[in-house]
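Welcome! Please take a look at the sequence and the 3D structure below, and then we can walk through a few of its features together.

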Amino acid sequence: MTSPHSRTAFRPCIDLHSGQVKQIVGGSLNDKDESQLKTNFVSSEPPSYYANLYRKHNLTGAHVIKLGPGNDDAAKECLRTWPDGLQVGGGITLDNAQFWIDAGAAKVIVTSYLFPGAKFSLERLQAISEAVGKDRLVVDVSCRKRGTEWIVAMDKWQTMTDMKVNKESLDILAQYCSEFLVHAADVEGLCKGIDEDLVKVLGEWTTIPTTYAGGANALGDLELVDRLSSGKVDLTYGSALDVFGGKTVKFDDCVAWNHAHAQK
């Protein structure tokens, strides 16, 4: 049984690519060969539409991810629509983290900056945490599975780092941030189901709020993640969601789940 004070919640997202809201198959992002890019959905609505939608329903903790260059204006548009209501990630460094906080981000999300040369730098994590404050920092531990282990992937999931996702690494990271965001890059955008093994171990290993993204394709996945993680991991839907052109999950049903399972 999950405890009454910890239930899985729906956490929304805004994925930006070339200034537009898109849903992309995660493993297809490639800086060197754009022809490999597989896009499930390109929105006809401006980014602010989604920021306003989430604001209207008070869906806090939504993450705005800049997938490559040309997305700063779109991200700023989102932040102007809901100041201090959204998290921003994609190209966040020590040099620009405070800029995004000042622009209205509730938190900044960092990955690649922490891995110069694909090797984890505790010094960089400590520096950016001290600069913006632990409470304003989310560490993205998005990963790919290799055998029975998960390895943190950076540069839009193109480059494998030297960090395994396990209790030891998450405990180190949790000292300097307030939240984890975990994209399962192997299943991201495929709508073929979540990585159940990853969700289960995240529930066992994490000590701070954690959001999982990747493969969710049914409303029942909220119940599944709740059960697998003992309510400790939240869930993001992407390509399956009707507001992103999906056919299998209704945004209104996700909002209703949050209202019905709100933490007491």
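## A buried glycine

Buried means a relative accessible area under 20%, exposed means over 50%, and partly exposed lies in between (1.4 Å probe, protein chains only). Gly89 is buried, because its relative accessible area is 1%. Gly89 belongs to strand S5, residues 86–89; strands (E, at least two residues) and helices (H or I, at least four) are DSSP runs numbered from the N terminus.

Gly89 and Val64 are 25 residues apart in sequence, yet their C-alpha atoms are 6.2 Å apart in space. Leaving out residues up to four places away in sequence, Gly89 touches Val64, Ile65, Lys66 and Ile109, where contact means heavy atoms within 4.5 Å.

## About the model

This is a predicted model, in which local features need pLDDT of at least 70 and side-chain atom pairs count only at pLDDT 80 or more, while totals for chains, interfaces and linings use all residues. Residues are numbered from 1 along each chain as its sequence is written, and side-chain values use heavy atoms, leaving out hydrogens and water.

## The nonpolar cores

A nonpolar core is a set of buried Ala, Val, Leu, Ile, Met, Phe, Trp, Tyr and Cys residues joined through side-chain atoms within 4.5 Å. The largest one here has 76 residues, and Tyr54 and Phe180 have the most contacts inside it. Helix H6 supplies the largest share of this core, five residues. Apart from it lies another core of five residues, including Ile65, Ile109, Val138 and Leu181.
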